[in-house]
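Thanks for coming, everyone. Please bring up the model on your screens. I'll walk through it once, from the whole chain down to single residues.

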Amino acid sequence: MESLTSLFSTRPVVFWHDVEAEFASVVDGLQLDGVQLVRLDETPSLQVKIDIERAPGRRWLIYSTQPEPEPAQDWLLDVRLRSKSFRADTTSILLEDLGLTTQALRHHLKERAKFLRAKDRVERLKRLVLPGDGARDLDCKMMAVLTRADQPELFAMLQRLFAALVVDGEADLAAQPKAWQDIAANDLAPAFWALVRSQLGYADAEPSLRDLLVRVLVTDLCRNLDGAPPRQLAHFVLPDRALAANASVFAARWRSDLAFFSSYNVLACATAQELNLAQLLASYTAEQLAECMAFEEVELRVVQDLKQRIVAGAGANMDVVHGLIARRRDGHWANPLLASASERTRALAACYDALTAAADFFSLKASHAAGFSFADAATAFGQYREHLYRFDQLYRHFHTAADAVEPSGWAVLHELRTSIENVYSGWFVPQLGAAWGKVVEGDQGLLQHWVIPDVTPQQAFYEREVQPLYSGGAKRVFVVISDALRYEVAHELVQFTNGKNRFKASLGAMLGVLPSYTALGMAALLPHQSLVYKESANLDVLADGHLVATLEQRNEHLKGVGGMAIKAEDLMALGKERGRELVRDRQLIYIYHDRIDMTGDKQASESKTFEAAAQTVQELSQLLGFIINSLNGSTVLVTADHGFIYQESPLDGADKSTLEDKPAGTLKAKKRYLIGRNLGTTAKAWAGNTAVTAGTTPEGSLDFWVPKGASRFHFAGGARFVHGSAMPQEVVVPVITVRESEADHAKTRPVSISVLGNVGKMVTSSQRFEFIQTDAVSERVLARTVVVSLREGDAPISDEQTLTFDSTSQLLDERKRSMFLTVLAGAHDPHRRYDLVMRDAITKVEVLRLPIKVDLAFGSDF
């Protein structure tokens with residue numbers, strides 16, 4: 001009514017041709033002030049003409065259910081030329097409502113009457129429509145409405161349709177999703193398949209979502225395969241090579257979409273099973289599959305191939321293995337960024353963690369193929385601190401990762417487990433034990449002196465490590481003692497800590513007391529003038545005459561130097577304000593943490609020793625952050641009472657000391673030490689006195705025997721986790737110094753990245769790009785994962801590829817990374833600016849943007 005009334009404000013005559021007669025029954029009831037209604041189906045045109053001429057001041061609405069006549073046949077042509085036309089049919093209303101300017105769409109809108117009957121669909125369509133849209137544009141946007149796609153484009157619709165093939169986490173490839181049923185019910189199926197054909201080249205005589213899915217995934221696999229594809233899959237590859245590139249772009253976008261990648265995983269696995277893909281890929285190498293991300297079976301085959309190489313290579317040619325692992329980590333199935341959302345992704349990422357540790361382990365072994373030989377104890381101690389600790393660390397890393405794979409039920413790492421175990425327990429530990437024994441034994445051996453030049457003995461910890469901090473201006477010192485924190489675990493904690501802004505951690509080492517067990521080690525770390533054994537049921541160690549076995553006793557002892565003792569979890573539970581209040585009047589705070597020893601020293605839980613070590617790194621990191629950030633601790637020392645020895649494999653008779661009976665005078669007997677009086681010596685064990693190895697007073701000292709190497713006196717209780725004897729893993733005790741620093745050198749930054757070569761033009765649908773990490777990863781220069789794509793403005797015109805730059809090498813060639821980008825098929829203006837864009841995968845900050853021309857026509861000429 002309003003639009004009709006407005007027409008009469010400028011013209012006295014309005015023609016209304018309602019060809020569908022949609023308003024024939026209601027037009028007579030229209031209330032229009034001062035307007036005379038004339039129906040041409042009731043009044044002849046000549047009579048209407050006469051009436052209008054006789055009443056020139058009147059306003060007229062001329063209604064007809066016939067089409068507007070040709071001018072030569074129109075009796076009212078002169079009237080029409082000075083009048084307005086009004087359209088109120090459904091199609092005209094829709095054209096106006098949708099904001100469309102093309103009258104040629106009237107017929108098309110009538111064909112889409114089923115879709116347009118629903119008001120909610122029309123409302124959603126209105127948000128997408130542009131004035132100049134044509135029939136294909138409208139169909140695409142109608143399908144976007146039905147599929148609830150984020151954008152009116154094929155890829156977004158396919159993601160929705162394919163995702164609907166997953167019900168309750170299970171794939172149903174034969175399903176007919178409701179969105180697809182709506183497309184068919186609204187006569188849009190032909191338009192959908194025409195769109196698919198134009199963008200993907202899929203033109204099957206009997207198209208289906210199931211067949212399209214298989215074609216897309218197989219095409220993506222075969223396009224990225226280095227070599228001929230399996231002949232059993234050739235007929236699934238989309239025929240148009242240019243449009244097939246779009247299949248790869250779509251698949252890459254789908255699996256990188258955080259909202260939809262889980263449906264991709266389920267459908268890809270179901271498709272692979274249907275194709276028997278594992279068998280078809282069995283003969284392909286990791287190099288041939290390096291760029292294939294379509295199926296999980298590819299990942300499993302790569303893992304299997306790399307495992308076989310590591311086992312067979314014994315440390316040789318591991319650079320190639322590391323390069324392939326890096327590429328696969330940046331792919332989809334083992335990407336650490338997706339690991340939190342998928343158990344299988346976590347398992348595959350853990351596979352590569354295990355393979356990396358194993359490759360490094362065997363390379364390290366190869367560099368020490370001749371075994372170990374030390375000129376003296378100082379050399380042996382120094383070599384363990386510098387690089388031999390890596391055997392223990394890599395062994396732990398491998399088993400931690402391999403254990404994370406076990407829940408998947410995969411047996412792929414079992415052979416590697418055996419190989420690692422044979423080298424670690426059958427070669428490294430015995431070889432190290434034999435070489436270490438030569439500098440421990442004898443009249444001039446370490447056991448007779450238990451002193452290493454320039455190395456702090458553990459019993460001098462307070463005197464040499466803590467007191468100098470006060471001289472340097474510290475008003476308050478925090479000492480964190482983590483039970484059984486082995487040197488290699490402490491090394492990992494230092495790396496982790498130095499990856500944080502404002503924290504500067506350095507790692508030193510002390511020579512631990514012997515026997516290397518908790519009661520003696522904990523007492524040695526306290527401020528004291530004397531250490532004395534008290535002959536009692538517990539064989540307590542007294543510090544300056546005080547019992548210091550319990551937390552309460554240590555707290556009482558520390559009061560003498562203005563200090564206190566507290567458990568780590570109790571301190572953290574206080575929070576910032578109460579924590580500050582607690583330490584305000586204290587000069588020295590000893591904080592006790594116990595995760596590794598609490599776990600490993602029990603038969604029921606010793607198998608979780610390595611898990612406990614990883615937890616310890618996290619817990620101590622949180623503790624350090626709390627002390628420095630919340631308690632204003634400017635200096636923190638982190639140390640341990642002793643280390644530990646642990647092996648995954650069960651022990652046998654060869655691991656047991658030949659000592660059959662406890663000697664007379666034994667007061668305490670454990671798996672790795674005997675303590676007593678007048679024990680004498682034996683060729684079957686290392687013997688000594690705590691006055692030499694722990695600084696106990698002559699009258700308060702005891703004799704001890706400890707097994708040689710890594711053997712045990714007996715296997716009662718748990719036996720895989722032990723400590724107490726003199727192996728480097730037990731007596732190289734870490735001392736970490738952590739300080740807060742605002743200096744520039746204490747600030748972290750991500751690595752810088754540059755493009756290599758001339759990348760000004762892209763001339764093929766898939767093109768290789770090479771990048772270089774301009775500086776090595778270090779404690780202050782952090783690894784960075786980026787996402788690379790080609791874009792027009794902010795809109796991607798290619799797939800996105802992930803690259804991680806984490807090399808610690810000083811050699812430029814070892815810091816190069818490369819990948820392929822696939823551009824969407826279609827018309828790309830060679831004169832238009834496109835960009836190669838690199839963004840941080842986590843923060844989305846743009847790292848790099850370079851202009852690039854896309855001239856695919858040029859490339860096709862050669």
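I'll start with the overall chain, then turn to strands, and finish with some loop residues.

First, the ground rules. This is a predicted model, so a word on confidence: local features need pLDDT of at least 70, side-chain atom pairs count only at pLDDT 80 or more, and totals for chains, interfaces and linings use all residues. Residues are numbered from 1 along each chain as its sequence is written, and side-chain values use heavy atoms, with hydrogens and water left out.

Now the whole chain. How many helices and strands does the protein chain have? The tally is 32 helices and 33 strands. Helices here are DSSP runs of H or I with at least four residues, strands are runs of E with at least two, and both are numbered from the N terminus.

Next, its dimensions. The C-alpha trace spans about 140 × 65 × 50 Å along its principal axes. The radius of gyration is 39 Å, while a compact globule of 862 residues would come near 29 Å. That radius is taken over C-alpha atoms, and the globule rule is 2.2 Å times the number of residues to the power 0.38.

What about burial? Of the 862 residues, 54% are buried. Buried means under 20% relative accessible area, exposed means over 50%, and partly exposed is in between, with a 1.4 Å probe and protein chains only. The chain exposes about 38000 Å², and carbon and sulfur atoms supply 49% of that. Those areas come from the Shrake-Rupley method with a 1.4 Å probe; for residues, only the protein chains shown count as cover.

Contacts next. A contact means heavy atoms within 4.5 Å. Take the contacts with a separation of 6 or more: 71% of them join residues 24 or more positions apart.

And charge. There are 94 positive and 108 negative side chains, and the centres of the two sets lie 2 Å apart. Lys and Arg count as positive, Asp and Glu as negative; His and the chain ends are not counted. Each charge is placed at NZ of Lys, CZ of Arg, CG of Asp or CD of Glu.

On to strands. Strands of a sheet pair through backbone hydrogen bonds, either parallel or antiparallel. Here, two strands pair if DSSP finds at least two bridges between them.

Go to β1, residues 13-17. Is this strand enclosed or open? It is largely enclosed by the rest of the structure, because 5 of its 5 residues are buried. On one side sit Val-13, Phe-15 and His-17; on the other, Val-14 and Trp-16. β1 runs parallel to β3, with 5 bridges joining them. Trp-16 has Tyr-63 of β3 as its bridge partner. β1 also pairs in the parallel sense with β4, residues 84-86, over 3 bridges. There, Val-14 is partnered by Lys-84.

Thr-65 counts as buried because its relative accessibility is 19%. Beyond its neighbours within four places in sequence, Thr-65 touches Asp-18, Val-19, Ala-21 and Ala-24.

Now jump to β30, residues 801-805. Here too, 5 of the 5 residues are buried, so the strand is largely enclosed. Gln-801, Leu-803 and Phe-805 are on one face, with Thr-802 and Thr-804 on the other. β30 pairs with β28, residues 784-792, in the antiparallel sense over 5 bridges. Within that pair, Val-786 stands opposite Leu-803.

Last, some backbone geometry. Most residues other than glycine have a negative phi, and most peptide bonds are trans. Arg-148 has a positive phi of about 60°. It lies in the loop between α8 and α9, and counts as exposed at 53% relative accessibility. Trp-450 also has a positive phi, near 45°. This one is in the loop between α22 and β7, and is buried, with a relative accessible area of 2%. Finally, a cis peptide bond joins Leu-514 and Pro-515, with omega about 0°. Pro-515 is in the loop between β9 and α25.

That's the tour.
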